[in-house]
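Work through the following exercises with the sequence and the model in view, and try each task before reading its solution.

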Amino acid sequence: MTPGSGTIREMLEDLEERTLHPRAARSAASRGRARPEEPDPERPAFQRDRDRLLHCKAFRRLAGKTQVFLAPRGDHYRTRLTHTLEVAQVARSIARALRLNEMLVEAMVMGHDLGHTPFGHAGERVLNQEVPGGFHHVVQSVRVVDVLEKDGRGLNLTAEVRDGILRHSKGKGNVLLKGSGEKALTLEAEIVRIADIVAYVNHDLDDALRAGLFAEADLPADIRRTLGGGRSERFATLVHDVIRRSDVDGGGHIEMSPDVHQALLALRDFLYARVYENPVVHDEFVKAQRILRDLWEWCLEDPARLATRHGVVPRDGEGLERAVTDWLSGMTDRFALATWEELFVPRPWSLL
């Protein structure tokens, strides 16, 4: 920077204006935050959000949360943290090629799974059954960034980043964001939604192969024919297809070709049948669900005991069930196991 040329943030905002696609989200044109703040002298708004998410406690806890395989002994199985980093790599690759805002997609990805329970989707199913009105990690992720972080003050993120967190989840539903009622605020949010499934079908498949649940040759022939026969080839096919088929210049959505899209959905269905709902994996899920259900019931039995022993008390205007939901969903696998053992496993008697 030269004297009188403005701040570093203004220089970076100008770089966005000159280099990004006309339809890309601009940091300087953000819809803003719930609580207005003075701009940072060095960082544009979306970079500031990315940094806040990267340094928050909920992000660090992702390292101790299950992706698919519960508390795996091997060092190379994915966790929620490594999943997040792989999604970021895919999303930034697509955004860069389409001249969309890389920093925005990275910020969205850093926050997209902060509300996940311990024990992955097995834990989420338990809370969905127990919590009045249900539970979904996407809604909880937004609550984490809006309310729970920074001792109740939240991270005060921009509207665009919050929207990307809220719209990333699919379950067995539609991958592509099209149609009324589903429109995201930005193309970057559409990228994150696709990048999430591109990352997880590939790394969950890789983990399942490592676990010996099946062999690469067991993948249906039409999936291998369309996407490729190995992890690198599948990633390349999926990412390149999104880049080629997304008509950003023509005003379209982030897209995939019909054959690649169908192969991606078929791979997701294959993983549900052979991994997520595999009896071997499912049996461990049942055990994990018992742990969370026991903890849920214990917490609600005696609010005073819960407050004394674990410091869990409702926030002003909220009930006990909301406080317990926040506490349990924020646990890592290890902490949930240790808490359950402390509460339900008798300790050997010893004379002091």
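A salt bridge is a side-chain nitrogen of Lys or Arg within 4 Å of a carboxyl oxygen of Asp or Glu. The model is predicted, so local features need pLDDT of at least 70 and side-chain atom pairs count only at pLDDT 80 or more, while totals for chains, interfaces and linings use all residues. Residues are numbered from 1 along each chain as its sequence is written, and side-chain values use heavy atoms, with hydrogens and water left out.

**Exercise 1.** Find the distance between the closest N and O atoms of Asp 40 and Arg 43, and decide whether each residue is buried or partly exposed.

Solution. Step one: the closest N and O atoms of Asp 40 and Arg 43 are 3.2 Å apart, and the pair forms a salt bridge. Step two: buried means under 20% relative accessible area, exposed over 50%, and partly exposed in between, with a 1.4 Å probe and protein chains only. Step three: Asp 40, at 12%, is therefore buried, whereas Arg 43, at 25%, is partly exposed.

**Exercise 2.** Explain which parts of the chain the salt bridge between Glu 106 and Arg 50 ties together.

Solution. Step one: the two side chains meet at 3.0 Å, N to O. Step two: helices are DSSP runs (H or I, at least four residues), numbered from the N terminus. Step three: Glu 106 lies in helix 5 and Arg 50 in helix 2 (residues 45-55), so the pair joins parts that are 56 residues apart in sequence. Step four: Glu 106 is buried at 12% relative accessible area, and Arg 50 also counts as buried, at 16%. Step five: Glu 106 and Arg 50 belong to a network of salt bridges that also links Asp 40, Arg 43, Asp 51, Arg 92, Arg 96 and Glu 102.

**Exercise 3.** Describe helix 4 by its span and by what covers its buried residues.

Solution. Step one: helix 4 (residues 80-98) has 19 residues, and its first and last C-alpha atoms are 27 Å apart. Step two: the expected span is 1.5 Å times one less than the number of residues, and the span of helix 4 is close to the 27 Å expected. Step three: among its buried residues are Val 87, Ile 94 and Leu 98. Step four: the cover, counted through contacts (heavy atoms within 4.5 Å), includes helix 3 (57-61), helix 5 (102-111) and helix 9. Step five: helix 4 is followed by Arg 99, whose phi is positive, near 60°.

Terms used: Helices (H or I, at least four residues) and strands (E, at least two) are DSSP runs, numbered from the N terminus.
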